[in-house]
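Me: Please go through this model with me, one question at a time.

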Amino acid sequence: MPAAVLVGAQWGDEGKGKATDLLGGDVDYVVRYQGGNNAGHTVVIGDQKYALHLLPTGILSPDVVPVIGNGVVIDPGVLLGEIDGLAQRGISAERLLISSNAHLIMPHHKALDKVTERYLGKARIGTTGRGIGPAYGDKVARMGVRVQDLLDPGILAKKIEVALTEKNQVLTKVYNRRGIDPAAVVEEYLAYAERLKPHIADTSLVLSKALDDDKFVLLEGGQGTLLDLDHGTYPFVTSSSPTSGGACAGAGIPPNRLTKIIGILKAYTTRVGSGPFPTELTDDMGEWLRQTGGEFGVTTGRDRRCGWFDAVIARYATRVNGITDYFLTKLDVLSGLERVPVCVAYDVDGVRHDEIPMTQTDFHHAKPIYEEFPGWQEDITGAKVFEDLPPNAQSYVRALEEMSGAPISAIGVGPGRDQTVVVRPLV
Ligand code: IMP
């Protein structure tokens with residue numbers, strides 16, 4: 001059976017939760033493979049709205065096994081808070097599996113994330129302040145604390161002491177902050193250990209067996225292609241690999257298991273935090289998109305920067321991820337516009353670029369070259385099949401498909417579970 005990847009094709013917040021939910025009925029395992037509680041998925045079921053940060057969206061479907069893969073960084077307090085919040089609404093997290101190799105976000109990671117951003121001033125990345133970058137930094141530096149360390153109190157205490165010996169020097173002497181008491185952290189994390197123990201597993205092995213048993217595994221990325229540490233708009237990126245290549249490393253399954261790579265693409269573009277964004281609208285039109293699309297962050301509540309669809313970005317996402325299908329979200333937000341501009345290429349200091357410029361300097365200078373498409377006035381939120389869409393909306397979708405270089409197989413026409421036009425089955 002296949003393993004499919006869901007990957008954000010822009011700067012995150014494309015509506016991945018809705019896509020995961022749409023596939024839910026066919027899926028046996030949903031795996032988060034990177035990121036942490038910097039992500040935010042909103043899923044609307046009936047009149048209930050769920051905002052998930054760390055838990056895979058599969059948690060909402062009783063027949064799905066939700067998995068937090070080795071590539072994720074976990075803030076255990078946040079995870080338990082999310083589990084408790086769902087329990088209060090009658091949703092059990094008993095099936096949740098957590099990779100023993102995933103890394104833990106520690107109090108010093110959160111402290112350092114906040115203080116380094118402050119020190120960067122205008123050059124700040126605009127992180128979510130959740131300790132993501134410092135946690136991945138320690139992972140790469142081979143001084144991280146992993147989920148499996150929760151199972152061995154002696155090792156846990158030792159690792160925390162070693163880490164804090166260095167980090168407290170940095171916090172107090174470089175940043176003039178208070179140091180963190182290792183004993184208090186050990187106590188806090190041992191309490192988390194008690195509750196998390198039943199969920200800890202060799203998830204790579206579990207997933208491999210599941211695939212051998214013909215189960216369907218869905219790998220769910222957080223953030224998006226342009227926030228990828230390697231392939232995004234570095235340094236204004238997150239510290240992990242949301243792209244499809246990262247899915248294998250972060251879940252512990254090999255590339256030849258992947259059969260579908262589904263890109264999630266919003267009908268316009270948004271971005272949170274700093275960094276280049278060629279089609280950004282800083283005028284009333286941008287505000288209109290923000291209000292109409294409800295573009296306020298699930299995780300931080302920050303206003304999202306908004307702009308027109310950027311086909312250069314979409315083509316790039318198709319290429320680096322090997323997208324087999326797109327799920328185009330939030331098409332309904334564009335209803336009522338006279339004309340809908342789409343960025344088809346960039347002008348960089350007088351030179352046309354059909355691809356993302358090679359250097360950061362050029363990308364910062366990129367000006368969008370727009371092609372305008374006729375808009376549609378009709379309400380499309382009730383559309384069930386492609387033919388229900390007004391002709392101009394159909395043309396817009398076809399044009400995006402052509403420019404992106406991969407088929408648009410599903411179209412979101414509203415936030416609800418049933419407000420999706422399926423052009424062809426995604427899996
Ligand atoms: P970090 O992931 O908190 O280190 O933040 C790095 C960058 O990624 C910042 O620009 C954040 O706004 C952005 N970012 C992180 N997670 C998300 C997300 O889920 N959606 C959109 N942007 C995100």
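Reply: Contact means heavy atoms within 4.5 Å. Helices (H or I, at least four residues) and strands (E, at least two) are DSSP runs, numbered from the N terminus. This is a predicted model in which local features need pLDDT of at least 70 and side-chain atom pairs pLDDT 80 or more, while totals for chains, interfaces and linings use all residues. Residues are numbered from 1 along each chain as its sequence is written, and side-chain values use heavy atoms, with hydrogens and water left out.

Me: Which elements are included in what covers the buried residues of α3?
Reply: Buried means under 20% relative accessible area, exposed over 50%, partly exposed in between (1.4 Å probe, protein chains only). In α3 the buried residues are His108, His109, Leu112, Asp113, Val115 and Glu117. Their cover includes β8 (103-104), α4 (132-140) and α5 (153-174).

Me: Is Ala210 buried or exposed?
Reply: Ala210 sits in helix α7 (residues 203-212). Not counting residues up to four places away in sequence, Ala210 touches Tyr29 and Lys215. With a relative accessible area of 4%, Ala210 is buried.

Me: How far is an oxygen atom of the ligand from an N or O atom in the side chain of Thr128?
Reply: A polar contact is a pair of N or O atoms within 3.5 Å; within protein, one must be able to donate a hydrogen and the other to accept it, and residues adjacent in sequence count only if both atoms are side-chain atoms. For Arg302, a polar side-chain atom lies 3.1 Å from a ligand oxygen atom. For the side chain of Thr128, the distance is 2.6 Å.
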